[in-house]
Amino acid sequence: MSQNPDHLAIRVAPDLNGRQTARVGYSNVAKEIADHAASKVTTRDDAHAAPGDMIEHALHAQRMALENLHRAITVERMNGTSWETIAGKLRLPIAQVLDQFKHCDLTHLADTNGENGVWRVLAETCVAPVPGLGDPHPGKVALELDDWYKAYASGQPGDPAGAATPNPVTAHL
């Protein structure tokens, strides 16, 4: 009987620096948003829904999207994107952007161990509690994201970006 070599490989969680950890944090929130949204597609529980339940679900999705915006700004700053460019993308005055999002700038932690720096900050400053963020090791979360994306991509038509890559998240960190 032939065994799949992928099942025999031992996957060790990588040690990530602050930049890589910020990207994993962004990806993790994106995954949680996708899972949340997918769970709301079914109409199975509509008969048992209380008045306002759909509004609550939509508000939760909005809070998660705001969290992802914060994470995106963190990643952009880590990658050297200027505040001027960020303000332009948000179509807001730079003073307002700095007032609202300056706390997202973790560039001082970019080259530090992600587990002890960026990951702790991301957990502490989470705008909306996002299930799945709790693992204390961002490298383990990155491996889980590899598996999640491969499962997601296998159900999509065509060949989504990275679907054929064994590690679509960790391979490019």
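Me: A nonpolar core is a set of buried Ala, Val, Leu, Ile, Met, Phe, Trp, Tyr and Cys residues joined through side-chain atoms within 4.5 Å. In this predicted model, which residues of the largest nonpolar core touch the most other members?

Reply: Val24, Met78 and Val118 do, in a core of 15 residues. Helix 2, helix 3, helix 6 and helix 7 (138–154) each give two or more residues to this core. In soluble globular proteins, nonpolar side chains tend to be buried together.

Me: What does Val118 touch, leaving out residues up to four places away in sequence?

Reply: The partners of Val118 are Gly18, Thr21, Ala22, Met78, Leu106 and Leu109.

Me: Why is Thr74 called buried?

Reply: The relative accessible area of Thr74 is 4%. Buried means under 20%, and Thr74 therefore counts as buried. Thr74 belongs to helix 3 (residues 53–78). Beyond its neighbours within four places in sequence, Thr74 contacts Ala22, Cys104 and Leu106. The C-alpha atoms of Thr74 and Thr107 are 8.0 Å apart, although 33 residues separate the two in sequence.

Me: Which other residues of helix 3 are buried, and against which elements do the buried residues pack?

Reply: Besides Thr74, the buried residues of helix 3 are Met64, Glu67, Asn68, His70, Arg71, Ile73, Val75, Arg77 and Met78. The buried residues of this helix pack against helix 2 (18–39), helix 4, helix 5 and helix 6 (118–124).

Me: How does the span of helix 3 compare with the expected value?

Reply: Helix 3 has 26 residues, and its first and last C-alpha atoms are 38 Å apart. At 1.5 Å a residue, 38 Å is expected, and the span is close to that value. Just after helix 3, Gly80 adopts a positive phi of about 90°.

Me: What makes Arg91 count as buried or exposed?

Reply: Its relative accessibility is 76%. The cut-off for exposed is over 50%, so Arg91 counts as exposed. Arg91 is located in the loop between helix 4 and helix 5 (94–101). The phi of Arg91 is near 55°, a positive value in a residue other than glycine.

Me: How many aromatic pairs does a search of the whole structure find, and why is the pair of Trp148 and Tyr152 classed as it is?

Reply: The search finds 2. For Trp148 and Tyr152, the ring centres are 5.5 Å apart and the planes lie at 5°. Pairing requires centres within 6.5 Å, and planes under 30 degrees apart count as stacked; the pair is therefore stacked. Being 4 residues apart in helix 7, Trp148 and Tyr152 are separated by about one helical turn.

Me: What term describes the exposure of Trp148 and Tyr152, and why?

Reply: The relative accessible area of Trp148 is 23%, and the relative accessibility of Tyr152 is 38%.

Note on methods: Residues numbered from 1 in each chain as written. Predicted model: local features only at pLDDT ≥ 70, side-chain atom pairs only at ≥ 80, totals over all residues. Heavy atoms only, no water. Buried < 20%, exposed > 50% of the residue type's maximum accessible area, 1.4 Å probe, protein only. Contact = heavy atoms within 4.5 Å. Expected span 1.5 Å × (residues − 1). Phe/Tyr/Trp six-rings, centres within 6.5 Å; stacked < 30°, edge-to-face > 60°.
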